[in-house]
Amino acid sequence: MAGQPNQKAEKDTSATGTDTTEAVDFEIIELFFFAYRDFTSDPDVILEKRGFGRAHHRVLHFVDREPGMTVADLLDTLRITKQSLARVLKQLIDSGYIHQVAGPEDRRQRKLYTTKEGKTLARALAEPQSRRIADAMAKTGPGARELVKRFLAGMKNDGDN
């Protein structure tokens with residue numbers, strides 16, 4: 001990738017004077033960069049038309065996938081600050097994509113749901129990504145889905161959802 005045919009880093013002592021013969025898999029790192037760029041490109045176009053960004057996409061995705069999740073659950077899932085979520089969530093609520101309801105036991109608790117428009121947008125964002133995944137899986141061959149799931153699960157930090 002990026003003009004470099006070799007997968008692993010060679011011995012490098014130039015910058016630090018320290019032997020860094022540990023393998024660095026630049027090829028896989030670059031494939032991740034390019035895959036992420038392309039995976040997010042279709043939704044980015046849809047989001048931009050509404051004045052939204054990737055943070056809006058993540059919030060909408062998880063609220064749509066888990067109707068009734070609380071704001072605290074969403075903060076935990078996304079690992080972001082209340083301040084970061086507040087701005088994005090307010091925009092999605094004000095735009096009619098997400099609806100919040102006070103919790104039945106604790107009125108301070110806020111449960112989140114996508115509206116009809118929110119479900120439609122979430123689906124429009126997920127469809128091109130799902131097609132991209134299906135195409136890549138088909139090119140990879142039998143057993144690809146389980147292998148990819150194990151690989152991606154292995155990339156997550158322990159304790160992640």
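## Sheet and packing helix

Three strands make up an open, antiparallel sheet with the order E1-E3-E2. Strands here are DSSP E runs of at least two residues and helices are H or I runs of at least four, numbered from the N terminus; two strands pair if DSSP finds at least two bridges between them. The model is predicted: local features need pLDDT of at least 70, side-chain atom pairs count only at pLDDT 80 or more, and totals for chains, interfaces and linings use all residues. Residues are numbered from 1 along each chain as its sequence is written, and side-chain values use heavy atoms, with hydrogens and water left out.

E1 and strand E3 (residues 110–114) are joined by two bridges in the antiparallel sense. Within the sheet, Met69 is opposite Leu112 of E3. Helix H2 (residues 54–65) packs on the sheet and touches E1, E2 and E3, contact being heavy atoms within 4.5 Å. The direction of H2 makes about 95° with that of E3; axes are lines fitted to C-alpha atoms, for helices over the stretch in contact, and angles run from 0 to 180 degrees between N-to-C directions.

## Nonpolar surface patch

A nonpolar patch on the surface consists of Ile28, Leu31, Phe32, Phe151, Leu152 and Met155, with about 530 Å² of accessible area together. Areas come from the Shrake-Rupley method with a 1.4 Å probe, and for residues only the protein chains shown count as cover. Patch residues have over 30% relative accessible area and no salt bridge; nonpolar side chains (Val, Leu, Ile, Met, Phe, Trp, Tyr) are joined within 5 Å, like charges within 9 Å.

Helix H1 (26–49) and helix H6 (144–155) are the elements that give two or more residues to the patch. Leu31 belongs to H1 and is partly exposed at 38% relative accessible area (buried is under 20%, exposed over 50%, partly exposed in between; 1.4 Å probe, protein chains only).

## Salt bridges

A salt bridge is a side-chain nitrogen of Lys or Arg within 4 Å of a carboxyl oxygen of Asp or Glu, and the count by this rule is seven. One of them joins Asp42 and Arg132 at 3.5 Å, N to O. This pair links distant parts of the chain, with Asp42 in helix H1 and Arg132 in helix H5 (residues 116–140), 90 residues apart. Asp42 is partly exposed at 32% relative accessibility, and Arg132 is partly exposed at 33%.

Arg123 and Glu127 form a salt bridge at 2.9 Å, N to O, and lie four residues apart in helix H5, about one turn. Arg123 is exposed at 54%, whereas Glu127 is partly exposed at 35%.
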